[in-house]
Each structure stands twice: as C-alpha cells, then as structure tokens.
Amino acid sequence: MLKFQCLGSGSSGNAYLLWNEQTAILLDAGITYRELRHGLHAAGLSPDRMAAVFITHDHADHIKSVSKLAHEHGLKIYSTELVHEGIARNYCVSPKLSAASKVFIEKDRTVEIGSMHITPFAVPHDSNDCVGYRVEADGVRFCLITDIGHVTDRVKAEVAEANYLVLESNHDKEMLAQGPYPAYLKGRIAGPTGHLSNTEAGELLAGASSPGLCHVWLCHLSEENNHPELARKTVDSILRGYGIVAGADFELDVLRRKVPSDIYELLPIPRRSY
C-alpha cells in the first residue's frame, strides 16, 4: 500500500514523502535536515530508508537538505541536468554534490526505483528548469504539480489521469495585488513563470479532473498572500460552479506550511461519474 505525507509546503521549505513496504522516496528536500529527520522518524522511517530523492527545481526551498542526504546517507539526487546545474550554483547547498551523488533524468522518461515508476514532466517556472512528477505504484497514480506559472496542456493531461494530486494554490489574486510586496515581485508571482493562484488551481481542477481522482491536496500557499481556508473556499466554489462537490466527488485538503500532514493511504478507489 502506497502512503503519502507532506513534511513541509511553502516558501519556507517543501518535502513530500511517498513510501510502501518496498520503497521510500522524497519529492523535494527543501526543509532543514533536522526537520526532515524528525518528520521521517515520526512516520516510522529514516533517511537511510530512502531509496532516492527527486527534485522539482533548484530554488532553495526545494533543495535545502540535498547535501546532507547525499553526503551523510549516500542518497542519490535525481533531477534534470539543468536543475543539477542550478543546484551546483545555489548558495544553500554546501558542500556541493559529488558526481556520484547526481543522477540525471529526462522529462517524459520514466525511472524505476524499487516498486515505483517515476516520470518527470515539464512545468513553467522561473528556475533553471522545473518539473512535476507522476509516481505510479500499487495500482495508483500520484502526481505532484507545484511552482507552476501557468497551466499547460501537459499539466491538464496529468491532472486528468491522476488518482491523487498535490497541486499548487499559491496566492489569492486580490491579496497579492493589495499586499506589501514590491511591484516587480508581484509581477513575478502572477506572471507566466511564477506561481498558480487559487482561482487558477480551481479552474484547472474543474476543467481537467476525471472520475478517477480520489484526493487533492493544495500546496505551496503563500504566507503573505493567501490563507488555507481562503484557498479551500475559492477552489470549492469554482468546483461547485461546474457541478463538482469536494468531499463527495473527491477529497480536498490544504497542506500546511510548517506542520507535517497526516499520513494518507493511497488506495485505488473507484469514483462515480460526474
């Protein structure tokens, strides 16, 4: 049985844990090493139990602990060549990853790690490169889509096929516009290589989700330009406008920035049509 837990989600740090009896992987390692070890221990795991670390992109809040994991536990760090180049330049990674620690992956090419099949795909963001991940194991399809400036056809296709989905819902457009950020930063966040808003996340789910979707977790919420309840209500309202009811057609939750989520068992649950 595949299990999922978020250990941190937001600009302070991101880390998502997937595991079953055979295999355990991390998607991003952007929280501190101490937080990561504590989170793994609480889940009954340890860094040495991890089979691999997959990185979405090279911003600090996604790679903070890669050096410790690689050098102290011998973990392989999987990412595209461009992401690895960005990691090598990032100030927060010290010491730098050795050649032996790096594994280069390509978009749309599936990697097999133990009992899991992991496929990276392109998402638009203003990093050196950026990918989302589809993970297939134990008869379910899990998808992580975060740090995405706009919705692409490929993103829609991944949402349409997902059973379990972690999706960015970074900001409320009005809060961002009226908030304290300087104009250039507001433009970056709202731009085509920035972050997905609550409204855009809701429209994506309403237009692309399928009856096979069981659970959605909204992730990477801004502390200054969003609120968990606002994100959920906005997405829920948009879904209802399309005749989709969160809690009935699929579960909808919001991942907290600095508090680990519950541990979720990812069962292949058939859903009724809507």
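1. Among contacts between residues at least 6 apart in sequence, 68% join residues at least 24 apart. This is a predicted model, and the contact figure, like every value below, is computed from its atoms.

2. The secondary structure of the protein comes to nine helices and 14 strands. Along the principal axes, the C-alpha atoms fill a box of roughly 50 × 45 × 35 Å. The radius of gyration is 17 Å, which agrees with the value near 19 Å that a compact globule of 274 residues would have. Of these 274 residues, 56% count as buried.

3. The largest pocket deserves a look in the viewer, and its volume is about 260 Å³. Of the 17 residues that line the largest pocket, S11, N170, R188, H195 and H220 are the closest to its centre. Helix α7, which spans residues 183-190, supplies the largest share of this lining, namely three residues. Sorted by class, the lining of the largest pocket has seven polar, six charged and four nonpolar residues.

4. The second largest pocket holds about 180 Å³ of space and is lined by 13 residues. Those that lie nearest its centre are L7, G8, I31, E35 and K258. Strand β1 (2-8) and helix α1 (33-42) each supply at least two residues of this lining, and α1 gives the most, with three. By class, the lining of the second largest pocket has six polar, four charged and three nonpolar residues.

5. How many cavities of 30 Å³ or more does the model contain? The count comes to one, and about 30 Å³ of space lies in this largest cavity. Its lining is made up of H84, I87, A88, K96, L97 and K102. Helix α4, residues 81-89, gives the most to that lining, with three residues. By class, the lining of the largest cavity has three nonpolar, two charged and one polar residue.

6. On the cysteines, the count comes to zero disulfides, where a pair of sulfur atoms would have to lie within 2.5 Å to qualify. C6 is in no disulfide, and the nearest cysteine sulfur, that of C219, is 7.7 Å away. C6 counts as buried, since its relative accessibility is 1% and the cut-off for a buried residue is under 20%.

7. The largest pocket, with a volume of about 260 Å³, draws three lining residues from α7, whereas the second largest pocket, with about 180 Å³ of space, draws three from α1. The largest cavity, with about 30 Å³ of space, takes three of its lining residues from α4.

Notes: Residues are numbered from 1 along each chain as its sequence is written. This is a predicted model: local features need pLDDT of at least 70, side-chain atom pairs count only at pLDDT 80 or more; totals for chains, interfaces and linings use all residues. Side-chain values use heavy atoms; hydrogens and water are left out. On a 1 Å grid over the protein atoms alone, a cavity is a set of points where a 1.4 Å probe fits but cannot get out, and a pocket is an open set with protein on both sides within 12 Å along at least five of seven lines; lining residues have an atom within 4 Å of a point. Grid points are joined across faces, edges and corners, and a volume is the space filled by probe spheres set on the points. Helices (H or I, at least four residues) and strands (E, at least two) are DSSP runs, numbered from the N terminus. Ala, Val, Leu, Ile, Met, Phe, Trp, Tyr, Cys and Pro count as nonpolar, Asp, Glu, Lys and Arg as charged, and the others, Gly among them, as polar. Buried means under 20% relative accessible area, exposed over 50%, partly exposed in between (1.4 Å probe, protein chains only). The radius of gyration is taken over C-alpha atoms; the globule rule is 2.2 Å times the number of residues to the power 0.38. Contact means heavy atoms within 4.5 Å.
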